[in-house]
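Trainee: Could you walk me through how to read a few features of a structure?
Mentor: Gladly, let's look at it together.

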Amino acid sequence: TTHTSAMPLQSDSGLGGWNAVSPTSTQKEPNTTFWKTEFCKFHALGRCKWGKACHYAHGRKELRAKPDLRRTKLCLDYKVGFCS
């Protein structure tokens, strides 16, 4: 994941690509699955303008473990009845 100079805008990336504005009735809730699972490169340089709203960790206390995404889909063979 790369960190650009601006906070990611709303997107369908599934990686929590939402801006810091709270959702309106026409917007979905932000996906926070990947928030703060990597360090903020800009904070390390003293240049992060997002502060606590940043989606990246600004220290070890904020750093979260990345989710385990192994085996998150049903086996296609199982669906048709041939999985062993």
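**Reading loops, burial and cysteines**

Mentor: Let's start with Arg60, which sits in the loop between helix H1 (41–44) and helix H2 (76–79). Keep in mind that this is a predicted model.

Trainee: Is Arg60 buried or exposed?

Mentor: Over 50% relative accessible area counts as exposed. Arg60 has 69%, so Arg60 is exposed. Arg60 and Glu38 are 22 residues apart in sequence, with 9.8 Å between their C-alpha atoms.

Trainee: And where is Lys41 placed?

Mentor: Lys41 belongs to helix H1. Its relative accessible area is 51%, so Lys41 is exposed. From Lys41 to Tyr56 the separation is 15 residues in sequence and 8.4 Å in space, C-alpha to C-alpha.

Trainee: Why is His55 called buried?

Mentor: The cut-off for buried is under 20%. His55 is buried because its relative accessible area is 6%. His55 is found in the loop between H1 and H2, and its side chain makes a polar contact of 3.1 Å with the side chain of Trp35.

Trainee: How many disulfides does a search of the whole structure find?

Mentor: First the general idea: a disulfide is a covalent bond between the sulfur atoms of two cysteines. Here the search finds 0 disulfides. Cys40 is in none, and its nearest cysteine sulfur, that of Cys48, is 3.8 Å away. Cys54 is in no disulfide either, with the sulfur of Cys48 nearest at 3.8 Å. The cut-off is 2.5 Å, so a sulfur pair must lie within that distance to count.

Trainee: Are Cys40 and Cys54 buried or exposed?

Mentor: Cys40 is buried, with a relative accessible area of 4%, and Cys54 is buried, at 3%.

Key:
Residues numbered from 1 in each chain as written. Predicted model: local features only at pLDDT ≥ 70, side-chain atom pairs only at ≥ 80, totals over all residues. Heavy atoms only, no water. Helix = DSSP H or I, 4+ residues; strand = E, 2+ residues; numbered from the N terminus. Buried < 20%, exposed > 50% of the residue type's maximum accessible area, 1.4 Å probe, protein only. Polar contact = N/O pair within 3.5 Å; in protein donor to acceptor, adjacent residues only side chain to side chain.
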